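This report describes selected features of the structure shown below. It takes up helix packing, domains and backbone geometry in turn.

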Protein chains: 2
Amino acid sequence: MDTNFASIITIGDELLIGQVIDTNSAWMAQELNKIGIPVKHRIAVGDTWDDIWNALDEESKHASIILITGGLGPTSDDITKPLLCKYFGGKLITDEKTLAHVQNIFINILKRPMLDVNIKQAEVPDVCTVLRNDKGTAPGMLFEKNGKLFISLPGVPHEMKWIMSNVVLPMLPTKFKTTNIAHRTLLTAGIGESFLADLVKNEEAALPPFIKLAYLPNSGMVRLRLTASGDDKEQLTTALNSHFASFKERVREYLVIDEDLPIEAVVAKLLKQTKTTVSTAESCTGGYIAHLITTMPGASTYFKGSVVSYDNSIKNKVLHVPKNTLETVGAVSEETVRIMAESVREIMETDYSIAVSGIMGPDGGTSEKPVGMVWIAVAKKGATITKRFDFRHSRERNIQLTAINALNMLRITICG
Amino acid sequence: MDTNFASIITIGDELLIGQVIDTNSAWMAQELNKIGIPVKHRIAVGDTWDDIWNALDEESKHASIILITGGLGPTSDDITKPLLCKYFGGKLITDEKTLAHVQNIFINILKRPMLDVNIKQAEVPDVCTVLRNDKGTAPGMLFEKNGKLFISLPGVPHEMKWIMSNVVLPMLPTKFKTTNIAHRTLLTAGIGESFLADLVKNEEAALPPFIKLAYLPNSGMVRLRLTASGDDKEQLTTALNSHFASFKERVREYLVIDEDLPIEAVVAKLLKQTKTTVSTAESCTGGYIAHLITTMPGASTYFKGSVVSYDNSIKNKVLHVPKNTLETVGAVSEETVRIMAESVREIMETDYSIAVSGIMGPDGGTSEKPVGMVWIAVAKKGATITKRFDFRHSRERNIQLTAINALNMLRITICG
């Protein structure tokens, strides 16, 4: 039996004018992969009858499962429901269960009267199976046609995720044969993509055809991913683990971690393992490092806090950087970040601390201290390391690169 | 003459397994829209010969301009260049200008020896026009076939953006007729999508066919967007402005701003206009509010800093919340955020301050203080307002909602 592929269609003019970034389909692809359903295509189309219709035709040629998100809201820019009704040859009827659910939301949660448009949300094509949506008023819908499955979901991320996790993902393996897919990822730092490729060329040449290699460069780090797929799960896992071990051994010098984790998760793991704590003193990153650290659940066990000293007066008043230092060598200097790191470590009583100061742009650079120049310090008891970086990108990317490099310096300090 | 549409093809297995989120195509769509080229489709395909080939065939049926990103790196998972060579019937030759550029990068910037794979980056199909890439080693390539334009760009965001901004976007209007497209957006808060739709139903009914209305709900706010397109620029602008004014008048009570700006930009505008300053004291958001504020260029004129008091000891030591308060009413309480806001405003000597404390989950909730419960305070001279929120979502979304609602409370305070 052939592999059953999925295609994801996202609907909405906002995707085609770039007003919103589509995070739904990346999440869906991830979850489908986990249960062994590879995604063939992802396509975004506007709120236009013909475009949606053609996308349904086209994607059902490539895939057995067509997932559709968006276009199910209560307002009139949403045409998906009538279109699906016509496409699958049904007529709209009121689904009593959904109506009761919508009424319950308005009476007990929103405590507001229902509008006609809300009642219409309980209407579904009579040819679909309704997929429960505990998180909102628009239900999901399942259609079958010529052995293909079409699943329409609301575009609001937490509603889509609830229906996927609770209804769709448990159901798919009962309807379709799934493939075994396994990924393993190495995160490296301090080596560029082409040098990494050169380093692992023998390991790459030794890969069997069912294992694919990919390089994913991002913010100064490169992820190296092996993907194995096939029918014999045991053979596949054995081969993947063995090849993965060779790659890991080869890149040892540059290895950050042998899992697909962001740097803030790597640092979280190390701090938990060593039962140590960290604080930050941030100027140019404006709290972004603290934010990254606290995106991890349970961060309160190892993160105590941060002083965001955006203004020089705060560097002096709260972090005790002498006025003289700020006036002579300046806020963006080795001396300033060193004092910031040591002060915040003392104030917050943590084992480690991070401090950053730099010029993120687009304005504020000088010939001596150009945009992108950053000093980073990491302090521990009795020792502070400092390093200068020069990034040459947009403000957004300079902030990201500063944060990621600062967390990587903390990682090296904890490991060393 | 018909409208010339663009299609965007993004290439990479990482997009289909959900390992990365595609931000490139949203940016490209935005820029193309600005110069009057609407985007018809966005499609993501894997690093697979047939899938890329078919996507080129398929998209050239729908669009005059096909933009392709990804698959141009130096490593062997990148098959785009040989494929394009074959698709357009050329052969690979070394482009001397590109080679000199790559050599310059290695000698003068990276200061490392070149590898064979780097030299190969200077190879291009002899049937393409090379598009300069000042930000990296992989050049862009332009092909023409049957009156359609195919533009291949590297997937690294800042390289793609440089080539688009400096080469592609200036060139397109010289090759194609562009359409006049204009968007105007109202940002509203405090009213749900369906109630908003009910509120503006008369204004919606009065719209001419060349103006489309869309609702974009996001993090507790709803954006209402009018899009006009057509050949007569003057007529279009006049009609759009007049209808926009009616919508604006109707939603006045809920209006945040009449531009497509995120809340942090709205707050930035107000603080600059009133020449006032702000600071934050953050517990559960871990620096995210300060980060949002400092994403705006020039934030240093109105933002002085933040104390991220994740641990209660920092709330006490740095922000002077009495131990007794933390022990009796607790960290997540009206009293605590009030003191946090007033203390940070005093320490940082700012006109306004924001303080937040809550339980973001997934753990840490109790029946009395459940996950999602948040207290927010905004202080100004002589007055502090506080408000309790109960969010019921993921950790990530709870942090976002807290930050956006805190910034909105600041906005209301400044305006009030």
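The model is predicted: local features need pLDDT of at least 70, side-chain atom pairs count only at pLDDT 80 or more, and totals for chains, interfaces and linings use all residues. Residues are numbered from 1 along each chain as its sequence is written, while chains are lettered from A and ligands numbered from 1 in the order in which they are written. Helices (H or I, at least four residues) and strands (E, at least two) are DSSP runs, numbered from the N terminus.

Axes are lines fitted to C-alpha atoms, for helices over the stretch in contact, and angles run from 0 to 180 degrees between N-to-C directions. The crossing of helix 2 of chain A with helix 7 of chain A is right-handed; that is, the near helix is turned clockwise from the far one by less than a right angle, and anticlockwise in a left-handed crossing. A:Asn24, A:Trp27, A:Met28 and A:Glu31 of helix 2 meet A:Pro157, A:Met160, A:Lys161, A:Met164 and A:Leu169 of helix 7, where contact requires C-beta atoms, placed from the backbone, within 7 Å. This contact has 6 nonpolar, 1 polar and 2 charged residues. Ala, Val, Leu, Ile, Met, Phe, Trp, Tyr, Cys and Pro count as nonpolar, Asp, Glu, Lys and Arg as charged, and the others, Gly among them, as polar.

## Helix pairs in chain B

Helix 3 (residues 49-62) and helix 4 (residues 80-87) of chain B have axes 11 Å apart and an angle of about 50 degrees, so these two helices of chain B are oblique to each other. Their crossing is right-handed. B:Trp49, B:Ile52, B:Trp53 and B:Leu56 of helix 3 touch B:Thr80, B:Leu83 and B:Tyr87 of helix 4; the contact comprises 6 nonpolar residues, 1 polar and no charged.

Helix 11 (residues 263-273) and helix 16 (residues 395-415) of chain B cross at roughly 25 degrees, and their axes come within 9 Å. That angle makes helix 11 of chain B roughly parallel to helix 16 of chain B. The crossing is left-handed. Its contact residues include B:Val266 and B:Leu270 of helix 11 and B:Leu407 and B:Ile414 of helix 16. By class, 8 are nonpolar, 1 polar and 2 charged.

## Domains of chain A

An automatic or database assignment gives chain A domain 1 (6-175), domain 2 (180-257) and domain 3 (263-415). The C-alpha centres of domains 2 and 3 of chain A lie 32 Å apart. Their contact takes 6 residues from domain 2 and 7 residues from domain 3. On the domain 2 side there are 4 nonpolar residues, 2 polar and no charged.

## Backbone features

A:Asn146 has a phi near 50 degrees, a positive value in a residue other than glycine; A:Asn146 is in the loop between strand 7 (140-145) and strand 8 (148-153) of chain A.

A cis peptide bond joins A:Gly361 and A:Pro362, with omega about -5 degrees. A:Pro362 is in the loop between strand 15 (352-358) and strand 16 (373-380) of chain A. In chain B, B:Gly361 and B:Pro362 are joined by a cis peptide bond with omega about 0 degrees.

Note on methods:
Contact = placed C-beta atoms within 7 Å. Parallel < 35°, antiparallel > 145°, perpendicular 65-115°, else oblique.
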